[in-house]
Every structure is written in C-alpha cells, then in structure tokens.
Amino acid sequence: MFRRVYLDNSSTTPIDKEVVEAMLPYLTEKYGNASSIHFFGQEAKGAVDKARHQVADLINAKPNQIIFTSGGTESNNLAIRGLCEMNEQYGKHIITSKIEHPAVSNVCEELKEKGFEVTYLPVYEDGIVRIEDVENAVREDTVLITIMTANNEIGTLQPIKEIGNLVKNQRENGNKMWLHTDAVQAIGKIPIDVEELGCDMLSISSHKIYAPKGAGALFVKRGVRLKSQNLGGHQERERRGGTENVPTIVAFGKACELAKQNLEKNSEHLKNLQDAFEKGVEEKISDVIFNGQREKRLPNISNITFKYVEGEGLLINLDMQGIAVSTGSACSSGSLEPSPIILAIEQPEELARGAVRFSFGKDNSMEDVEYILDVLPKAVENLRKLSPHYQAVKA
Ligand SMILES: Cc1ncc(COP(=O)(O)O)c(C=O)c1O
C-alpha cells in the first residue's frame, strides 16, 4: 500500500478527534450569534467564554486579556499596527528581526510608508537574536519591539524573557515602549507563560495546534492600548469587530486545553522523533548542513540543507513517494527565491536553495522516521547524480 507521511506540521496540523467532537454541536444545533441576548446567543457566548479561559490557561494569561482573531496573521497585524497607530506620540521606531514571518515583516514595511523607522536585527549563523543587539538598537523613540518566540523555518528560540526584562527596565526609566512576540510556532511545543516572558502582546493560531484553520488569539496585557483594525460591532471589548467564529473558537479552546494537558508528553515524543531522524541523516547522508542552533530550538523542526540538491526538486521527489515536507522558498513571479530565513543565517544563495524543512507532529511515529530514512538517502543520491556541480566536485 502507498504510504503517506506528513512532515509539514509547521504549515498546518491535522484536526484532533476530540477537537472535532467539541466543535460539532456549534456547527449544527448550537448556531447562535454570541452577541444575541436570547438563549441561542447566550449559549454561544458561554462557549466563547469557555474557550477564552482555555486559551488563557495555556499561556498563563487572564481570560479578559485574550482577543479572538481569525488567526496568527490577524493577531500580528492587530498587535503591530494597532499598537503603533495608537501610540505614535511616543515614537516611531520599531525593532524586529530578519527572520520574522511575513505577517510581521510586511506590517513593519507598511508602517515605514507611514513614517516609522524599522531596525531589522541580525540572527547570525545560529539563527538567534542577540540581547546586546537589541540593547544597542533601542532608542528614545522606540515604541515597539516585535520578535518571534520560535522561528517557523528553523525552529530557533529567541531570548524573549531577556528582551522582556530590557523593555521593563526601559519603561521604568520613562521610555514608553512595548514588546510583542509571535508565538504561533511555539505554543503546544514548549511551555509559554506570558508572565515569565514579560511580553505585552503575544500571537497564537488555531491550526498549528490540531484545531481547524480560522481562529487565533492575541494576548494583550492590561493597560496596553491598541487601535482596533476591524471596525464594526462591539465584539472583543471594542478591539476586534465582527461576529465571532464560534465553532472554530470552541475548537481552538479545546485544542489549547489538550495542548496544555499533553505538553510534556508531546514535546518528549517530538524530541525523540527529531533526534532519531537527525541521527539517521548524519549517518546515511554526506554533505548536509543542519540549519540553525540545535540546542535552543523547537523539538519538532529539522531544517537541513542538502548540498548540490535543489530543495524544490527534493520536495517533489519525496512527495511522489508519499512524504510531505516543505522548503522555505517563496514562489514569486515565476522565479524561485531562496528562503530569506536561510539567507539570514548567512548561508550563500546556492546553498540556501537546498534547504528543506521536516516538521514533525504528535501523530508521527518512529515508523514514519524509519520510512523517511529509507527514502531520503536514495532521493538525495539520485538528485546528486543529475547535478553536474556534484559530479565535478566528486570527480
Ligand atoms: C511564525 C508564524 N507567524 C504567523 C503565522 C500566520 O498564522 P496564520 O496561518 O494563522 O495566519 C504563521 C503561519 O505559518 C507562522 O508560522
């Protein structure tokens, strides 16, 4: 039988059965609008409230600090644009990193057109922002630092707690600035505690933690003022107008509850898969580069450059054998650009094109790892045989 192995869990995850069960009634008989006063509305409102508690609980926040959105992208837009537009009297300088998701970097670029200045911090070969660089970048007119908790392509963890302390010190010295972190890839894989991190805003998304696509949340600390980006009704305490997506919010809440319950078990399982996979690659394939720090990173992402191989070619070859992976490449106007993340970790362009991301999920098994370790070495070898560059180097 043709085997399918899904190793693209950082793109999206399958939906948990328990999550489907929790949301089903809200797709059928419990269809009220959470803003309505009657029974149906109150039933829906109760479900949204419960989900708000479940989401808050996962990140050690209070339920009234959670704004439901349509996903990670909207949470990042609301955090960055909402904060900057509301607080520009305190300054128009933003600090971010070179490896943010486009849902952060594109918003920063847009704000440049509105007179903001943006400092993009380097991440060096290991894919990690240095706290000294953050310190040096801070100015009197810095209003926002937005740096991700964990990177989506190489999984490296950023020093958010240290940056949180820095922002706290700055504020104590009268410099009005806030910290946002995109934790879309981090939740469910490592413990996230907004108090411990000392962040003012934190973005998360439903479909990365075994719930359907279409819900997200922004944690906003008490006292942080944001300009709503969705003008409409009074939902989400005036900060995000629009009828709540009740079934998906219910699912998101359940997924957060399960993520909290199973965090340790799932992370350990992912780490075992990652270790076994990487050990196998090291043993069976030559000329590979493991991208990013291998200590301070998520337990589920392995990003590997296979020298003399195009990542896209390998992706297609693996797909034909039932294995789903991804490359960081973005296809723009017909030309395949190397991943900006892999370029940011100082890899030359020709190598950056050979980077492939393998992202494990809780439903992957050791048998999946064995299958990929059986298929991958042959796929790499076959592609290398077709590479004139490889032939010339090895001749
Ligand atoms: C780090 C990061 N931020 C934001 C997003 C966007 O989240 P969503 O797909 O929920 O809009 C993603 C999705 O891949 C991501 O990996």
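**Notes on the sheet and one loop**

1. Strand 5 (residues 142–146) and strand 6 (residues 178–182) run parallel and are joined by three bridges. Strands here are DSSP runs of E with at least two residues, helices are runs of H or I with at least four, and both are numbered from the N terminus. Two strands count as paired if DSSP finds at least two bridges between them.

2. A word on the source: this is a predicted model, where local features need pLDDT of at least 70, side-chain atom pairs count only at pLDDT 80 or more, and totals for chains, interfaces and linings use all residues. Residues are numbered from 1 along each chain as its sequence is written.

3. Now zoom out. Seven strands make an open sheet with mixed pairing, in the order 2-8-7-6-5-3-4. At the edges sit strand 2 (66–69) and strand 4 (117–121), each pairing on one side only.

4. Helix 4 (residues 102–113) lies across strand 3 (93–97), strand 4, strand 5 and strand 6, and runs at about 155 degrees to strand 3. Such angles run from 0 to 180 degrees between N-to-C directions, with axes fitted to C-alpha atoms, for helices over the stretch in contact; contact means C-beta atoms, placed from the backbone, within 7 Å.

5. Finally, look at the loop between strand 8 (216–220) and helix 8 (246–261), where you'll find Arg 237. Its phi is near 50 degrees, positive in a residue other than glycine. Glu 238 lies in the loop between strand 8 and helix 8 too, with a positive phi of about 70 degrees.

How values were computed
Two residues are in contact if their C-beta atoms, placed from the backbone, lie within 7 Å.
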